[in-house]
Amino acid sequence: MRSDSSPGTLPAREHLPAGDAGTPVLDVVIPVYNEEKDLQPCVLRLHEHLKRTFPYAFRITIADNASTDTTPLVSQRLEAEISEVKAFRLEQKGRGRALRTVWSASDAPILAYMDVDLSTDLNALLPLVAPLISGHSDLAIGSRLARSSRVVRGPKREFISRAYNLILRGSLQARFSDAQCGFKAIRRDVAQVLLPLVEDTGWFFDTEMLVIAERAGLRIHEVPVDWVDDPDSTVHIVKTATEDLKGVWRVGKALASGSLPLDRITRPFGDDPRDREIQDVPKGLARQLVGFCVVGGLSTLFYLVLYSAFRQFGGSQIANALALLVSAVANTAANRRLTFGVRGRGGAVRHQAQGLVVFGIGLALTSGSLAALNAASSDPAHSTELAVLIAANLAATVLRFLLFRAWVFPDRDDDQPRSTVVAGHTPSSPTYSTQKPCAPLPQRPTAHQYATAPPSPYETTEFRAGEAAEQRSWRDATVQLQPVRPTDTDPRDS
């Protein structure tokens with residue numbers, strides 16, 4: 001609600017009041033292992049902040065993954081004293097395992113987690129989850145590497161964090177800025193489809209989840225955060241870095257081979273303007289043109305280098321045919337993956353065969369141009385040959401794009417059933433299952449579209465890793481938001 005303010009100043013921020021519908025809108029998970037000292041101050045501080053500033057019902061869940069000190073006792077005491085606090089106990093270690101188990105069992109529409117040391121300023125929590133509540137984004141992460149972030153930490157951790165994110169950008173083409181910040185949130189309907197594809201159960205869990213989400217086209221919202229390093233952190237940097245690099249290799253290999261079943265979430269949840277039938281605007285044409293031009297430019301340079309090399313050992317026609325054949329195979333493979341987004345090995349042989357037909361047409365154009373040049377001049381200069389070939393290749397390129405788009409890599413018919421893939425998470429197996437058909441993706445509802453339903457109790461139950469998804473079914477969120485009025489106050493403050 002915008003309030004009156006003098007010119008040149010920002011309006012005061014006001015929280016949106018909401019009624020109590022029985023089910024929390026937000027479930028904040030705190031994964032812990034032997035945190036008997038820091039757990040209680042963390043939970044009390046977080047609870048006080050949410051009670052004072054967060055306009056919706058919330059829950060704080062302590063995910064104790066196999067602590068051996070008095071952490072379970074502290075968790076139980078906090079659960080008994082504070083109604084918004086619940087405790088989970090897992091008998092196996094692993095932050096990723098703890099998050100997957102609790103998120104899979106939660107009935108809240110927005111799921112978040114933060115580290116127990118609360119290094120991140122809690123004022124960023126509402127900006128983190130707001131785009132998820134509104135339906136604008138699918139995931140949200142806090143970023144310590146954004147320009148407006150204010151971070152206090154040593155040079156060693158700064159170097160490691162930035163180096164790791166550079167590795168992700170270089171190897172997995174990740175575009176998010178900070179994979180390791182312990183401050184993230186996800187919509188429950190997105191988590192339901194995304195989590196079964198995430199294999200890691202440790203510290204690489206965050207990175208793998210974000211990479212898969214980004215490759216699948218989901219929207220990731222980034223929030224600049226203020227962050228202060230915890231000097232007493234128990235994280236083993238060398239061991240964690242080693243496991244992360246192994247995870248990068250595993251995920252990169254799965255993406256390169258096409259074994260990661262992104263078909264389940266290849267489009268963002270909900271309405272996407274790229275899915276609409278817009279008159280006179282072919283879907284994906286602009287992106288495909290850019291990709292095709294880039295690949296075509298590189299292929300032309302590759303072709304000219306090959307032609308110049310082959311020309312040293314044979315005539316112009318033989319050199320042209322060999323150079324065009326080699327560059328055509330590389331061009332078809334590059335356009336298949338980068339321009340038209342076809343991944344995996346399915347249909348690769350057929351695409352190459354069709355590409356060779358297109359190559360034959362290009363060969364006819366370029367060979368005909370060389371024949372015409374030789375007929376006009378008995379001994380043309382090498383530079384003249386190259387100029388003629390460039391002009392012929394430009395004409396062949398236009399024709400190649402049209403044939404690629406209409407014949408070799410046509411758009412998939414929206415009326416045809418898409419690939420049906422189900423991926424089950426099995427920690428002992430690094431493979432991705434592709435056996436059973438899955439249900440269509442849910443439409444992304446906004447917070448105003450959640451219907452009121454009887455409250456669903458959140459039980460405190462012990463789970464072993466991997467059991468949560470089997471033992472609990474997904475339940476509809478039950479959030480009822482009230483309209484905003486300037487005079488509204490939070491009933492919890494009264």
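Trainee: Which residues do ring pairs link into a cluster?

Mentor: In this predicted model, the cluster joined by ring pairs consists of Phe 292, Phe 340, Phe 401, Phe 404 and Phe 409. The count of aromatic pairs in the structure comes to nine, and one of them is formed by Phe 292 and Phe 404.

Trainee: What makes Phe 292 and Phe 404 an aromatic pair, and is that pair stacked or edge-to-face?

Mentor: Two values decide the matter, and each is set against its own cut-off. The ring centres are 6.3 Å apart, and the limit for a pair is 6.5 Å, so the two rings count as paired. The planes stand at 85 degrees to one another, and because an angle over 60 degrees is classed as edge-to-face, that is the name the pair receives. Both Phe 292 and Phe 404 are buried.

Trainee: Why is Arg 350 called partly exposed, and not buried or exposed?

Mentor: Arg 350 has a relative accessibility of 47%. Buried would require a value under 20% and exposed a value over 50%, so Arg 350 falls in between and is called partly exposed.

Trainee: How do you know where a charge sits over a ring, for instance with Lys 93?

Mentor: The charged end of Lys 93 lies 4.3 Å from the centre of the ring of Tyr 33 and sits over that ring; the distance meets the limit of 6 Å, and the direction has to be within 35 degrees of the ring normal as well. The charged end of Arg 144 sits over the ring of Trp 227 in the corresponding way, 4.8 Å from its centre.

Trainee: Trp 227 also lines the second largest cavity; how is that lining divided by class?

Mentor: It has five nonpolar, three polar and two charged residues, and the space inside is about 60 Å³. Among the lining residues are Asp 115, Asp 117, Leu 118 and Trp 227.

Trainee: What makes the phi of Leu 118 worth a remark?

Mentor: Most residues other than glycine have a negative phi. Leu 118, in contrast, has a phi near 50 degrees, a positive value in a residue other than glycine, and its place is in the loop between β4 (110-114) and α4 (125-134). Its relative accessibility is 9%, and because this is under 20%, Leu 118 counts as buried. Ala 66 likewise has a positive phi, near 65 degrees, in the loop between β2 (58-65) and α2 (71-81); with a relative accessible area of 14%, it too is buried.

Trainee: What lines the largest cavity, and what is its volume?

Mentor: The volume of the largest cavity is about 190 Å³, and the structure holds five cavities of 30 Å³ or more. Its lining has 18 residues, with Leu 324, Ser 327, Ala 328, Asn 331 and Arg 400 nearest the centre. Helices α9, α10 (316-339), α11 (348-376) and α12 each contribute at least two residues, and by class the lining comprises seven nonpolar, ten polar and one charged.

Trainee: Why is helix α7 described as mostly covered?

Mentor: Ten of the eleven residues of α7 (residues 205-215) are buried, including the acidic Asp 206, Glu 208 and Glu 214. Ile 212, in this helix, has 0% relative accessibility and therefore counts as buried; its C-alpha is 7.9 Å from that of Val 198, 14 residues away along the chain. Just after α7, Gly 217 takes a positive phi of about 90 degrees.

Technical notes. Residues are numbered from 1 along each chain as its sequence is written. This is a predicted model: local features need pLDDT of at least 70, side-chain atom pairs count only at pLDDT 80 or more; totals for chains, interfaces and linings use all residues. Side-chain values use heavy atoms; hydrogens and water are left out. Rings of Phe, Tyr and Trp (its six-membered ring) pair if their centres lie within 6.5 Å; planes under 30 degrees apart count as stacked, over 60 as edge-to-face and the rest as tilted. Buried means under 20% relative accessible area, exposed over 50%, partly exposed in between (1.4 Å probe, protein chains only). On a 1 Å grid over the protein atoms alone, a cavity is a set of points where a 1.4 Å probe fits but cannot get out, and a pocket is an open set with protein on both sides within 12 Å along at least five of seven lines; lining residues have an atom within 4 Å of a point. Grid points are joined across faces, edges and corners, and a volume is the space filled by probe spheres set on the points. Helices (H or I, at least four residues) and strands (E, at least two) are DSSP runs, numbered from the N terminus. Ala, Val, Leu, Ile, Met, Phe, Trp, Tyr, Cys and Pro count as nonpolar, Asp, Glu, Lys and Arg as charged, and the others, Gly among them, as polar.
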